[in-house]
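Dear colleague,

I am writing to hand over the structure shown below.

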Amino acid sequence: MQDVGNELSIAQRISLRRPAMPQAMAKIADVVAAHPTAPVELTITELADRAGTSAATVTRFCRAVGFDGYTQFRVGVAAESGRGDAGTTWRTDIADDIGQDDPADRVLLTLLGLHTRSMETTTSLLDLDDVQLVARAIAESRHVDIYGVGGSGVIADEFRGRLYRIGVNAHSWSDVHDGLTSAVLQNSASVAVGISNTGRTEETIEMLSHAHAAGALTVAITTDADSWLASVADVALITASTNPNQRPDDLSIKHAQLLVIDLLYVLVAQRTLGEAANRLAASAMAVSSHRRSAGPDDHDARRQKETTR
C-alpha cells in the first residue's frame, strides 16, 4: 500500500482525489461514494460494470487512492465498515454455495456440477453456422488478431498458440497500445477476435473496434449478446455467464471460453488439413528430444543398456 494519504479514511481519500481523476475513474468514485460497501459485495468486474468502465480502470482507481490493487482495497473497505469477518469474506470472495467446512468430496461435486452446466449452457447457446463462418474465415485469412485483457488474455494466448501451430498467422494482444498498433493494420483479409466475459472491457472493445474500421471480420467471444463488444463485432459467439453465487474468478467461465476456441481450432484444422498435419508433425519432432521416456523404469533400463554397450 502507498504511503500518501493513508492517515485518512478511504472515503476522505476518494473525495480528495476525485477532482483530478479521469472521467472513467471518477465514475467508480461516485459508485463507491453512493454505496460505500460495494467493493466488499462486488467483484472487480461487477464494480466495473456498475460504473460503466473496465476492470483495469478499477485497478488504477485503487492505486490512485493508496492501495496496491482491488484485493487490498476491498480489505480496507471491509475493515472500515466492520465487515471484514471471515464468513463475509468467504461468501464474497470464495463461494456462497460451498461451505467453509464442506468436505473435499462435496466441494469437488459442487464444482463439477458448475463446470458441467457452464459447458452444456455454452453448447446450447452457440450458433454453429456462425462458428463455421468464423472457422472458414480464419482458415482463409492473411492474419488473425486476438485481443483479451487479464484472464481473457490467457485465453487469447492459448488460441493464438493453437492456431499458430497449424499454420495460421495469429497474434494475441493484451496490451492496448500494441493491440491498437496491430488492429489498424488489418484489412478485409484479416480476422480479429475480441474475448471478454462481460463484453465491457474498454481495451478489448477499442482494439476490436479499430480492427473493424480497418476492414477485418470481427468476432466477439462473450457472455452478453447485447454488450458493447458484441455490438462492434460482425459475429458474436456467446458463452455461459457466471453463476452469481460462485467465485469472482470462476474458472467455469474460462472452460466455456476454452470450449469455443477448441471448437474453432478443430474446425480450422479440418479446413487446412494438409498444412496443419505437416506443421503439427514438425512441431512434435522439434520437441521430442526434450521429453522423457514413459517412466522411471524405462529410463533406468535405457541407462543400464547404454552402460553395458
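By what stretch of helix H6 are Tyr70 and Phe73 separated? The two residues are three apart in helix H6, so about one helical turn lies between Tyr70 and Phe73. Please note that this is a predicted model.

Aromatic rings

The count of aromatic pairs comes to three. In one of them, the ring centres of Phe61 and Phe73 lie 5.8 Å apart with the planes at 85 degrees; as this angle is over 60 degrees, the pair is edge-to-face. This pair links distant parts of the chain, with Phe61 in helix H5 (residues 55–64) and Phe73 in helix H6 (residues 70–81), twelve residues apart. Both Phe61 and Phe73 are buried.

The rings of Tyr70 and Phe73 have their centres 6.3 Å apart and their planes at 45 degrees, so this pair is tilted. Tyr70 is buried, as is Phe73. Through ring pairs, Phe61, Phe67, Tyr70 and Phe73 are joined into a cluster.

Elsewhere, the ring of Tyr265 has the charged end of Arg162 over it, 5.9 Å from the ring centre.

Helix packing

Helix H9 (residues 128–140) packs with helix H14 (residues 251–271) at an angle of about 55 degrees, and their axes are 9 Å apart. H9 and H14 are therefore oblique to each other, and their crossing is right-handed. Residues of H9 that make the contact include Leu128, Val131, Ala135 and Ile138; on H14, Leu263, Leu267 and Arg271 are among them.

Yours sincerely

Note on methods:
Residues numbered from 1 in each chain as written. Predicted model: local features only at pLDDT ≥ 70, side-chain atom pairs only at ≥ 80, totals over all residues. Heavy atoms only, no water. Phe/Tyr/Trp six-rings, centres within 6.5 Å; stacked < 30°, edge-to-face > 60°. Helix = DSSP H or I, 4+ residues; strand = E, 2+ residues; numbered from the N terminus. Buried < 20%, exposed > 50% of the residue type's maximum accessible area, 1.4 Å probe, protein only. Lys NZ or Arg CZ within 6 Å of the ring centre and 35° of its normal. Axes fitted to C-alpha atoms, helices over the stretch in contact; angles between N-to-C directions. Parallel < 35°, antiparallel > 145°, perpendicular 65-115°, else oblique. Left-handed = near helix turned anticlockwise from the far one by under 90°. Contact = heavy atoms within 4.5 Å.
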